Amino acid sequence: MTTTPRTVISDPIQAGLATGWKVIDASSLQDSKHIEADVAVIGTGAGGGVTAEFLALAGLDVVLVEEGPLKSSKDFKMREAQAYPALYQESAARKTKDKAINILQGRAVGGSTTVNWTTSFRTPNNTLAYWQKNFGLKDYSPEALAPWFALMEQRLNISAWLTPPNENNDLLRRGAAKLGVPTAAIKRNVKGCWNLGYCGMGCPTNAKQSMLVTTIPSALIHGATLITRARADRLVLQGDKVAGLACIALDGSGLAPTGKRLEVRARHYVVAGGAINSPALLMRSGAPDPHSLIGKRTFLHPTTISAALFDHKVEGFSGAPQSVYSDHFLDTQPIDGAIGYKLEAPPLHPLLFASTMHGFGEKHAESMKQFANTHALLALLRDGFHEQSGGGAVQLKDDGSPVLDYPISSFVWDGVRRSLLTMAEIQFAAGAKIVYPVHEAAEGYTSWEAARKAINGLVYKPLLARVVSAHVMGGCAMSDDVRRGVVSSKGRYHGLSNLSVHDGSIFPTSIGANPQLSIYGITAKLASALAEELTGKPAPMPNAA
Ligand SMILES: Cc1cc2nc3c(=O)[nH]c(=O)nc-3n(C[C@H](O)[C@H](O)[C@H](O)COP(=O)(O)OP(=O)(O)OC[C@H]3O[C@@H](n4cnc5c(N)ncnc54)[C@H](O)[C@@H]3O)c2cc1C
């Protein structure tokens with residue numbers, strides 16, 4: 001009998017731990033602890049990961065504080081039931097205050113990059129032009145940022161995905177082509193991807209070039225210390241400086257405090273907890289906010305979904321998620337006109353699908369039976385460019401945890417309606433038998449005519465039309481004008497001399513494209529300048545993946 005040799009997947013985290021990386025799991029602390037460093041970085045996602053690597057390469061003593069656990073490919077079992085509680089904020093069930101929008105955000109070493117879907121776009125030129133005009137961000141032209149995007153593209157192997165799209169994505173391409181709507185291929189940050197389709201549960205093969213397997217290991221190799229399951233509770237302020245960071249150790253479940261505390265003292269502090277959590281930390285700390293800007297203008301790319309039933313198998317759970325997109329409905333709208341939207345085809349997995357689809361009981365069970373033949377499109381609505389899409393506001397609950405109040409204006413609802421129309425039309429053009437706009441009052445429609453009539457007649461209100469988000473941005477807007485920005489164009493907190501914010505919260509609007517590469521590129525620029533300032537020497541650049 002012959003046996004097939006098993007492929008051994010190397011696990012860079014386990015290998016690194018074996019070499020003696022400085023990693024402290026705060027859940028196992030027997031006593032409270034005091035740590036000194038040059039720089040404390042709070043959060044290990046897109047912004048925190050890039051920042052930590054730049055600072056550690058510059059020879060600075062860096063401490064990373066992360067409230068989530070350190071998990072690695074050995075833990076990633078392609079199972080939603082394990083992944084969501086372990087790797088996501090609020091077990092992937094974070095919601096806006098009125099519960100109308102479900103928000104996906106990561107909560108583990110690597111942050112949202114550990115669970116994201118690898119779609120990579122530079123910040124659109126018209127978004128940058130809007131920032132320059134309305135927020136005075138003169139250094140944020142496409143030309144000035146191009147070298148930073150190029151650097152991070154090289155670092156994270158962001159490149160064309162040459163494997164044919166899965167059927168879920170190809171239906172977007174085919175349906176749009178029938179209608180004359182242009183589509184294009186999406187670049188991805190992967191290296192040796194197995195085309196499995198389970199990116200959202202942590203990459204089991206380490207192909208995804210998330211912070212977990214790139215910048216964080218690099219920072220640790222260069223002497224950084226990583227503290228996991230430690231929640232940054234508040235910055236201790238003294239005059240115009242941050243004098244310390246008070247953290248709470250969390251237990252093995254990652255939820256309950258153990259009673260042990262950690263104090264970190266550093267020359268400089270970088271908040272990179274992501275939108276919602278970064279503003280919340282600043283609010284808990286009583287950071288100066290004379291113009292009441294912290295947490296305001298938090299954006300979500302409010303996202304609508306249209307499902308459709310096909311005669312053949314679509315199997316949206318298999319193959320690279322999101323490999324085809326269309327910007328037609330962004331490009332044909334002025335950025336500050338009626339809300340535009342980007343179209344993509346999301347990965348489908350049973351738990352996420354079941355909790356996103358409308359209906360309940362037998363009807364819902366029936367739609368689950370058709371899961372393998374179901375296609376889905378999503379539309380990312382570009383919020384933040386019009387006075388009627390001013391985003392949401394972060395608030396603190398009694399226990400200090402954040403909640404986002406995001407009222408959906410009639411202006412945004414109009415975009416919801418238009419996007420449902422667009423997606424239904426494309427799905428019928430691709431050959432759908434039945435289209436299900438994800439709205440509690442919608443039926444399955446068997447023709448474009450019927451769908452159009454119904455979608456135009458639906459009532460658009462919170463909890464009726466389903467709206468979701470995996471792109472949280474803003475809340476610590478960047479502007480050198482203190483009346484418009486929480487941080488300066490250099491990411492420095494207005495009013496506290498040794499504090500920076502480096503994550504998606506600093507965007508003054510949404511991006512109008514999947515945000516990760518915007519965070520990588522912009523944070524690289526900010527972190528390099530910070531490293532130079534703190535060391536008095538030009539900052540070394542990271543090498544390619
Ligand atoms: C399921 C999913 C799919 C996505 N797909 C894509 C995609 O395909 N393409 C794309 O461009 N974008 C995608 N995104 C979005 C993208 O990953 C995020 O925009 C980006 O990672 C945000 O970076 P960040 O640094 O702002 O925050 P994050 O990456 O979210 O990192 C913040 C980190 O800070 C930690 N933290 C927060 N508060 C504290 C605290 N008080 N103390 C200690 N630690 C704290 C968190 O646990 C987290 O690990 C996706 C996101 C999700 C969730």
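This is a predicted model: local features need pLDDT of at least 70, side-chain atom pairs count only at pLDDT 80 or more; totals for chains, interfaces and linings use all residues.
Visitor: What radius of gyration does the protein chain have, and why does it agree with a compact globule?
Guide: A compact globule of 545 residues would come out near 24 Å, so the chain's value agrees with that. Along the principal axes, the C-alpha atoms fill a box of roughly 70 × 65 × 45 Å. As for the radius of gyration itself, the protein chain has 23 Å.

Visitor: What percentage of contacts between residues at least 6 apart in sequence join residues at least 24 apart?
Guide: Burial first: 56% of the 545 residues count as buried. Now take the contacts in the protein chain between residues at least 6 apart in sequence; the share joining residues at least 24 apart is 76%.

Visitor: Which residues come nearest to the ligand?
Guide: There are 42 residues around the ligand. By type, that shell divides into 14 nonpolar, 23 polar and five charged residues. The ones that come nearest are G43, G45, G111, G273 and G274.

Visitor: Which element gives the largest share of the shell around the ligand?
Guide: Several elements supply at least two residues each, namely α2 (46-57), β11 (230-238), α8 (277-284) and α14 (516-535). The largest share is three residues, and it comes from α2.

Visitor: Is P515 buried or exposed?
Guide: P515 is one of the positions that UniProt, in an unreviewed entry, lists under "binding site", along with G504 and Q516. P515 sits in the loop between β24 (499-501) and α14, and beyond its neighbours within four places in sequence it contacts H471, M473 and G504. The cut-off for burial is 20 or more other C-beta atoms within 10 Å. P515 has 28 of them, so it is buried.

Visitor: Which residues does Q516 touch, not counting those up to four places away in sequence?
Guide: Q516 lies in helix α14. With 27 C-beta neighbours inside 10 Å, Q516 counts as buried. Setting aside residues up to four places away in sequence, the ones Q516 touches are A46, T113, N116 and S120.

Visitor: What is the bridge partner of S120 in β9?
Guide: S120 also turned up among the residues that Q516 touches. Strands β6 and β9 (residues 187-189) pair in the antiparallel sense over two bridges. In β9, the partner of S120 is K187.

Visitor: How far apart in space are K33 and L262, C-alpha to C-alpha?
Guide: K33 lies in strand β2 (residues 33-42) and is partly exposed, with 17 other C-beta atoms within 10 Å. K33 and L262 are 229 residues apart in sequence. In space, C-alpha to C-alpha, the separation is 4.8 Å.

Visitor: How far apart are the end C-alpha atoms of residues 86-302?
Guide: UniProt, again in an unreviewed entry, places the feature "domain: Glucose-methanol-choline oxidoreductase N-terminal" at residues 86-302. The span is 25% helix and 25% strand. Its end C-alpha atoms lie apart by 25 Å.

How values were computed
Residues are numbered from 1 along each chain as its sequence is written. Helices (H or I, at least four residues) and strands (E, at least two) are DSSP runs, numbered from the N terminus. A residue is buried if 20 or more other C-beta atoms lie within 10 Å of its own, exposed if 12 or fewer, and partly exposed in between; C-beta atoms are placed from the backbone. A residue is near a molecule or strand if its C-beta atom, placed from the backbone, lies within 6 Å of it. Ala, Val, Leu, Ile, Met, Phe, Trp, Tyr, Cys and Pro count as nonpolar, Asp, Glu, Lys and Arg as charged, and the others, Gly among them, as polar. Two strands pair if DSSP finds at least two bridges between them. UniProt positions are given in the numbering used here, feature names are shortened, and annotations may be inferred rather than shown by experiment. Two residues are in contact if their C-beta atoms, placed from the backbone, lie within 7 Å. The radius of gyration is taken over C-alpha atoms; the globule rule is 2.2 Å times the number of residues to the power 0.38.
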